[in-house]
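The structure is shown first.

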Amino acid sequence: MLRKSLSFLLSHRIRILPSQSHAGASFSFSSSNTLNPCTSLEDQANENNQDSRPTETISIDRSGLYNPQDHFHKLSADSKLVKHLKSIIKFRGGPISIAEYMGEVLTNPNCGFYINRDVFGACGDFVTSPEVSQMFGEMVGVWTMCLWEQLGRPAKVNLVEFGPGRGTLMADLLRGSSKFVDFSKSLDIHLVECSPTLQKLQYDTLKCIDEAISEDNTATRTTTTLNGASVLWHADPEEVPSGLPTIIIAHEFYDALPIHQFQKTFRGWSEKMIDVSEDSSFRFVLSPQPTPASLLYLRKRCEWADKEEIAKIEQIEVCPRAVELTHQIAKRISIDGGGALIIDYGKNEIISDSLQAIRKHKFVHILDDPGSADLSAYVDFAAIQHSAEEASENISVYGPITQSQLLGSLGINFRVEALLKNCTEEQAESLRTGYWRLVGDGESPFWDGTEEQRPIGMGNRYLAMAIVNKNQGIPIPFE
């Protein structure tokens with residue numbers, strides 16, 4: 001992506017020039033025209049330059065940025081991650097994007113939020129749908145088996161989950177489908193997970209064992225005792241082997257991918273960035289001129305939207321990694337066959353300002369103690385659809401529909417009734433609570449406990465989208 005950005009800048013002879021410092025000023029504005037991401041570069045070049053080789057000048061004023069004196073030292077209680085972030089900003093001589101901040105905070109290999117701890121469940125920082133009830137994983141299993149049937153019941157298929165958390169969804173899926181022998185035998189399970197700590201949790205949750213596959217025991221393979229399928233872990237989706245029909249599950253994965261934020265100003269769109277203030281705390285600042293992200297990603301997102309939609313909003317969030325990942329998924333499905341089910345909270349339109357931080361089940365400030373809270377943003381399902389459809393003509397995109405519609409159509413109502421027939425009163429209360437949280441909308445109307453514990457329904461907040469090979473027909477339940 002860096003190569004593309006540099007190539008773009010060079011091809012248009014864009015010069016990046018440092019401005020003179022002005023005391024007390026946060027930014028200086030050059031007299032050159034501000035680029036409008038919703039119009040083409042060619043149009044702006046024709047308007048602003050008579051030369052056949054247009055030149056744009058970007059002026060950057062660093063006077064408002066924090067620049068510590070040389071050899072300045074003081075005792076600091078900053079965490080390793082905070083020190084690392086500040087060192088990046090100091091080295092760059094300027095602020096970093098929110099996307100880079102998110103990437104470091106969540107997945108820094110030494111001290112990222114997800115890397116060295118279990119953040120899920122009541123004792124963690126947030127609860128996901130698979131942790132709410134076994135029924136969620138079971139219903140996703142129903143969808144997976146139906147797609148496998150539409151594929152023609154292949155002898156082997158890659159079942160891939162992005163960001164499996166504790167492995168709860170996959171475990172419930174495998175348990176629920178274990179009686180379907182042909183389906184279970186067909187599975188090669190691939191878990192895309194960058195956290196060593198979570199990989200170990202997933203290994204335990206799936207009740208994995210290592211089996212020798214050579215006489216001298218030097219070569220082994222990992223299998224799950226839940227149904228005997230092989231299990232492999234990958235740090236990156238592209239590591240998953242190709243050549244087999246592939247079924248992908250991405251539940252609450254896209255929301256953690258790094259985003260860029262842009263804010264409308266009198267000069268046009270400015271990127272929202274993160275800097276270090278004079279008191280050594282983090283702060284938000286606006287770029288004084290267009291950034292590579294605004295020239296590349298924002299422009300692309302605006303091309304996918306109506307002018308009326310753009311005119312109504314003051315901020316835009318763009319997730320380049322989501323677009324790139326969707327492109328990879330669509331390409332693989334178009335060649336190998338299969339499909340992807342994406343479930344996350346979001347909207348089917350441009351996302352304005354949704355970035356949030358959660359620590360111990362409470363919202364906190366995004367810049368407060370980086371690395372101690374989860375960062376996430378609403379998923380732009382409209383951008384996912386555009387990205388998939390541009391990647392290949394051999395795929396179809398369906399949805400989004402609400403999580404409530406998805407689970408209801410897959411049979412969760414019948415499943416909860418069956419479970420309630422053979423359980424204790426305590427288990428029944430847990431089932432009813434879990435059911436409402438998965439498919440309900442807002443506060444539960446039937447609740448005898450305390451207000452603090454009243455279950456909140458997520459059924460309409462979460463959306464589901466399917467990407468499938470065109471040759472397979474319409475996936476259930478998107479008819």
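The axes of helix α3 (residues 80–92) and helix α4 (residues 98–107) come within 10 Å and cross at roughly 150°. Axes are lines fitted to C-alpha atoms over the stretch in contact, with angles from 0 to 180 degrees between N-to-C directions. Because angles over 145 degrees count as roughly antiparallel, α3 and α4 are roughly antiparallel to each other. The contact (heavy atoms within 4.5 Å) is made by L81, H84, L85, I88 and R92 of α3 and by E100, Y101, E104 and V105 of α4.

The model is predicted: local features need pLDDT of at least 70, side-chain atom pairs count only at pLDDT 80 or more, and totals for chains, interfaces and linings use all residues. Residues are numbered from 1 along each chain as its sequence is written, and side-chain values use heavy atoms, leaving out hydrogens and water.

The protein contains 16 helices and 22 strands; these are DSSP runs, with helices (H or I) of at least four residues and strands (E) of at least two, numbered from the N terminus.

Most residues other than glycine have a negative phi, and most peptide bonds are trans.

| Cis peptide bond | Omega |
|---|---|
| G399 and P400 | about 10° |
| I476 and P477 | about 0° |

P400 is found in strand β19 (residues 395–402), whereas P477 lies in the segment after β22 (462–469). R153, in the loop between α6 (134–150) and β4 (157–162), has a positive phi of about 55°.

Note on methods:
Parallel < 35°, antiparallel > 145°, perpendicular 65-115°, else oblique.
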